[in-house]
Amino acid sequence: MASLDDVRTTLETARHGYLSTASPTADPHLQPVVFQIIGDSVYIAIDEKPKTTLRLRRLTNIESNPKFALMVDHYDDDWNRLWWILLRGPADVLWPSEWDTEEAAGVIAALRAKYTQYQSMSLEERPLLKLTPDRVTRWSASGSY
């Protein structure tokens with residue numbers, strides 16, 4: 001089994017992934033996400049793209065069942081270039097009223113540095129997801145990532 005450090009460089013340059021959460025009754029939910037890896041955690045912002053509520057299913061799922069899976073992959077018609085990384089572990093919803101302001105400021109700055117779309121969005125008043133993987137699995141057709 002791999003460690004987060006084994007896949008860090010790939011995750012730092014990856015542009016998106018798929019977050020899987022489950023309700024208390026194990027109803028699965030899959031959501032495309034963008035993310036940033038900082039230290040031993042992966043962070044996802046709840047951004048300003050149109051939403052009907054901030055009580056999103058991914059948030060309520062994590063609050064009741066903190067287990068997550070995050071799949072990051074690369075597809076190519078040349079199947080020798082295929083790879084994927086699967087992170088699993090506990091997640092937390094960080095609401096602005098509960099933030100460690102230094103941690104949140106660093107996360108928001110790092111997300112804005114990776115995704116220019118975030119530079120014009122107000123992320124400071126929205127929740128963040130903090131994923132702390134305790135299991136890392138990877139695969140590559142070529143053996144490199």
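The model is a predicted one, in which local features need pLDDT of at least 70 and side-chain atom pairs count only at pLDDT 80 or more, while totals for chains, interfaces and linings use all residues. Residues are numbered from 1 along each chain as its sequence is written, and side-chain values use heavy atoms, with hydrogens and water left out.

The protein chain holds 3 helices and 8 strands, where helices (H or I, at least four residues) and strands (E, at least two) are DSSP runs numbered from the N terminus. Followed along the sequence, these elements come in the pattern α-β-β-β-β-α-β-β-α-β-β. The C-alpha trace spans about 45 × 35 × 25 Å along its principal axes. A compact globule of 145 residues would have a radius of gyration near 15 Å, and the 15 Å of the protein chain agrees with this; the radius is taken over C-alpha atoms, and the globule rule is 2.2 Å times the number of residues to the power 0.38.

Of the 145 residues, 46% are buried, a word that stands for under 20% relative accessible area, with exposed meaning over 50% and partly exposed in between (1.4 Å probe, protein chains only). The accessible surface comes to about 8000 Å², and 51% of that surface belongs to carbon and sulfur atoms.

Turning to individual places, Q36 is found in strand 3 (residues 36-38) and counts as buried because its relative accessibility is 10%. Leaving out residues up to four places away in sequence, Q36 touches S41, V42, Y43, A110, L111 and K114. The C-alpha atoms of Q36 and H16 are separated by 9.4 Å, although the two residues are 20 residues apart along the chain.

A26 lies in the loop between strand 1 (17-22) and strand 2 (28-33), and with a relative accessible area of 58% A26 is exposed. Most residues other than glycine have a negative phi. A26, however, has a positive phi of about 70 degrees although it is not a glycine.

Charged side chains come next. Side chains of opposite charge can pair when their charged atoms come close. A salt bridge is here a side-chain nitrogen of Lys or Arg within 4 Å of a carboxyl oxygen of Asp or Glu, and the count by this rule comes to 6 salt bridges. One of them joins K130 and E103, whose closest N and O atoms are 3.2 Å apart. Since K130 lies in strand 7 (residues 128-131) and E103 in helix 3 (residues 101-114), the pair ties together parts that are 27 residues apart in sequence. E103 counts as partly exposed, at 27% relative accessibility.

R81 meets D76 in a salt bridge of 3.7 Å, N to O, and R81 also meets D78 in one of 3.6 Å, N to O. D78 counts as partly exposed at 31% relative accessibility.

What is the nearest side chain of opposite charge to R58, which is buried yet has no salt bridge? That side chain is D47, 6.9 Å away. R58 has its place in helix 2 (residues 57-64), and, apart from neighbours within four places in sequence, R58 is in contact with T21, H29, Q31, I46 and L129.

Notes
Areas by Shrake-Rupley, 256 points an atom, 1.4 Å probe, with all protein chains shown as cover. Contact = heavy atoms within 4.5 Å. Lys, Arg positive; Asp, Glu negative; His and termini not counted.
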